Amino acid sequence: MLYLYSGDKADCCSTHLIDGDGTFNAAGLDSFMKAVKLAECGLSYAVVSIMGPQSSGKSTLLNHLFHTNFKEMDAFKGRSQTTKGIWMARCAGIEPCTIVMDLEGTDGRERGEDDTAFEKQSALFALAVSDIVLINMWCHDIGREHAANKPLLKTVFEVMMRLFSPRKTTLIFVIRDKTRTPLENLEPVLREDIQKIWDSVPKPEAHKQTPLSTFFNIEVVALSSFEEKEEQFKEQVANLRQRFYHSIAPGGLAGDRQGVVPASGFSFSAEQIWKVIKENRDLDLPAHKVMVATVRCEEIANEKYSAFVANKEWCELEDAVKSQLVPDFGKKLSSMLETCFSGYDDETTFFEEGVRMSKRKQMEEKLLLLVQPAYQSTLEHMRSETLEKFNKAFDSALSEGKGFATASRNCKTSVMKLFDEQCKDAIIKQSEWDSSKVRDKLSEDIDAHIADVRNAKLSDLSTQYESKLKESLNGPVEALLQAANDDTWPAIRKLFKRETEAAVAECSAALSGFEMNEDSKKDFLSKLRNHARDIVENKAKEEAGRVLSLMKERFTTIFNHDNDQMPRVWTGKEDIRAITKTARSSSLKLLSVMAAIRLDGDAVDRIAETLVLTLLDAKKVDKSSTANDPLASSTWEKVPASRTLITPVQCKSIWGQFQRETEYTVTQAITSQEANKRSSNWLPPPWAIMALFVLGFNEFMTLLRNPLYMILIFVTFLLLKALWVQLDIGAEFRHGFLPGILSLSTKLLPTILNLMRKLSEQGQRPNNPQIDRPHAS
């Protein structure tokens, strides 16, 4: 229950803290703290409580001393219990903020003689939370053995022993209704009584010899009777009130207090202290202080964490960093975290140092764990953008013609420096995060990209020079092999060496920009040389695979063409045997050239000699014994298997097939030659002509003497000549005698009739040449 009054006492906010049944009003205390803004006071506040017998004027004293509005006893209604439990209010007009608690009076008839439990509990509570305790007592009780203040003091000292480490409390004994006896005489008696009570109270072993001054500061004041001397009472109270100003300052009433709970934790601390007291347990104030600090610091840390999570600026930053690189990320986030941590420090500055720092560290770890994904996202954005910048810069440098190694090194150094500068901007001051892993990943990605580009460039370079070698070697080697002769392989070797060394020299110059080590460079150029060798060898294998076709083609070319490359006409004068041998010898030379690869040129083989001796000059070789056959083997002498293209056995087989397939060409030539001979030999032999001249001399002379015979013979000759041309007798007999006779027998009569008709038509033509001319128009 919280009462607010207007006027001079408007700010006291009287609250029933603990009711008569011992129920703690936690909600009321929270409302009270908010109303008086106690949580903002830090350690700058004081708690005052008052104890004393029932109806001894405690509430009246508090209301006049602190301008509170506690309920006072109505004297006209009789003397009875006014305050039940414990009430709390703020002292109006006193700095620092002072909280006063009005405790239920002791020795009241309402609770009875034996019910002192609540008295002890409330006394222990007051001693645990108060800096100053007012003990209200009657003046006439001083010096009396059984005075009402004796049980109260005994109770105070006994419960003090239940505090493991009691706080230094100021006890102000307020002597009410002071008589004429001077205070100087009353105070020694009171202090003596207090000391006797202290000495009689049972103490734990640790405090057997502990003096009263260790636990309490003793102050004594005297007040006149409020009812009889009201003005004097008010004047004395006003003087006492002045002592409560700046009470916690050095030299003040509570200047040496110890173990103060920060104001923001007062509510929780008071509730927990009352809970421990109600459970009748000993109260360990240092441990309680740590517990209060633990709970309150954790609550404050959770509040700051929740506020940070809900912070609009953080939410926007977190969303933005997921998709893009945020400028000044580290600066912005560090500022937000600093605000959060500063707020925590401000609110927990008065709590126990170890607990405060421990909870701060936990909050830092929790917050840093929250923001770490955003930091990692920022680093990833930086890594991606830096890698992209490197790729563009690297491609640009290469396109400008810079050396590969120089371009890659300069570009990497530049972007890594840029990345390091960006990492500095992204650093969160409150963390010790290291960006080295992301930096290493960036370096690895750059190196991987450089390696990929390098491999691609080297591959392109290799492909370029391999294509160049293929273009420069493939055709010429093929031409040289097809034009096989004794100089074929020396020419191929010379071509191979010239083109390979030229390509290697150009490639070596191109490789200089890559700054390769000597071993790598040698391996690369060695592969290029090997590729050139593979081109020649593969072409040789390809040509060797169709050697039979090439041999037949060469044989046909040489056999059917003369030295001027003109087609041969088999007139009968040609030496077919010699021509055939020459053509076969040339074809055999082709076979010997194709039989093995001779790129090294260091060994001289006898392949050509063996083939000529065995295949071309076969008569010199004894074919009856296989052991004497040089071609009855799968290897050539002095030629390794890796360089053999056609084995001796295969050569023999190819040559046999070659001879069989070229026999027809030779046979055709012979046949054609014989036919030409027959067609050109239609005159009788010379001896027959001589015999005819000798034997027919007389007849010949007769013809000469008679010109008519000569004319007749001449006409007959013309007719026979015309028939010869018309019938093409030479062509008819070209295919044989019998076919010629049969063909002429079918053509002779039609040809004679056709010839006679033409002669007749020619004889019937008019002699005037003008007849057939058209008339002039």
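Modeller: This is a predicted model. We can start with Thr98, which is found in strand E5.

Colleague: Why is Thr98 called buried?
Modeller: Buried means under 20% relative accessible area. Thr98 has a relative accessible area of 0%, so the label applies.

Colleague: What is Thr98 in contact with, leaving aside its neighbours within four places in sequence?
Modeller: Thr98 is in contact with Ala46, Val48, Ala89, Arg90 and Cys91. As for Phe244, 146 residues apart from Thr98 along the chain, the two C-alpha atoms are separated by 8.5 Å.

Colleague: What makes the pair of Thr98 and Pro96 a polar contact?
Modeller: The cut-off for a pair of N or O atoms is 3.5 Å. A polar atom of the Thr98 side chain lies 2.9 Å from the backbone oxygen of Pro96, so the distance is within that cut-off.

Colleague: How do you know that the peptide bond between Glu95 and Pro96 is cis?
Modeller: Omega is about 0° for the bond that joins Glu95 and Pro96. Pro96 itself is found in the loop between strand E4 (86-90) and strand E5 (97-103).

Colleague: Why is the phi of Lys37 worth a remark?
Modeller: Most residues other than glycine have a negative phi. Lys37 is not a glycine, and its phi is positive, near 55°. Lys37 follows H1, in the loop between helix H1 (26-36) and strand E3 (45-51).

Colleague: Which other residue has a positive phi although it is not a glycine?
Modeller: Gln565, with a phi of about 65°. Gln565 lies in the loop between helix H17 (547-560) and helix H18 (576-594).

Colleague: What makes Gln565 exposed?
Modeller: Exposed means over 50% relative accessible area. Gln565 is at 52%, so it counts as exposed.

Colleague: Which residues of H1 are buried?
Modeller: Gly28, Leu29, Phe32, Met33 and Val36. Down the axis of H1, these buried residues fall within an arc of 140°, so they line one face of the helix. Ala27 and Lys34 are exposed on the other side of H1.

Colleague: Where does the side chain of Asn25 reach at the start of H1?
Modeller: A side-chain oxygen of Asn25 comes to within 2.9 Å of the backbone nitrogen of Gly28.

Colleague: How do you know that the buried residues of H19 are on the same side?
Modeller: The buried residues of helix H19 (residues 607-616) are Ile607, Thr610, Leu611, Thr614 and Leu615. They cover an arc of only 95° around the axis, and therefore sit on the same side of H19.

Colleague: Which residues form the nonpolar patch on the surface?
Modeller: Ile711, Phe714, Val715, Phe717, Leu718, Leu719, Leu748, Ile752, Met756 and Leu759, with about 930 Å² of accessible area together. Helix H23 (707-727) and helix H25 (737-763) are the elements that give two or more residues to the patch. The largest share, six residues, comes from H23.

Colleague: Why is Ile752 called partly exposed?
Modeller: The label covers values between the buried limit of 20% and the exposed limit of 50%. Ile752, in helix H25, is at 32%, so it counts as partly exposed. Patch residues need over 30% relative accessible area, and the 32% of Ile752 is over that limit.

Methods. Residues numbered from 1 in each chain as written. Predicted model: local features only at pLDDT ≥ 70, side-chain atom pairs only at ≥ 80, totals over all residues. Heavy atoms only, no water. Buried < 20%, exposed > 50% of the residue type's maximum accessible area, 1.4 Å probe, protein only. Helix = DSSP H or I, 4+ residues; strand = E, 2+ residues; numbered from the N terminus. Arc of directions from axis to C-beta. Polar contact = N/O pair within 3.5 Å; in protein donor to acceptor, adjacent residues only side chain to side chain. Patch = residues over 30% accessible without salt bridge, like charges linked within 9 Å, V, L, I, M, F, W, Y side chains within 5 Å. Areas by Shrake-Rupley, 256 points an atom, 1.4 Å probe, with all protein chains shown as cover. Salt bridge = Lys/Arg side-chain N within 4 Å of Asp/Glu carboxyl O. Contact = heavy atoms within 4.5 Å.
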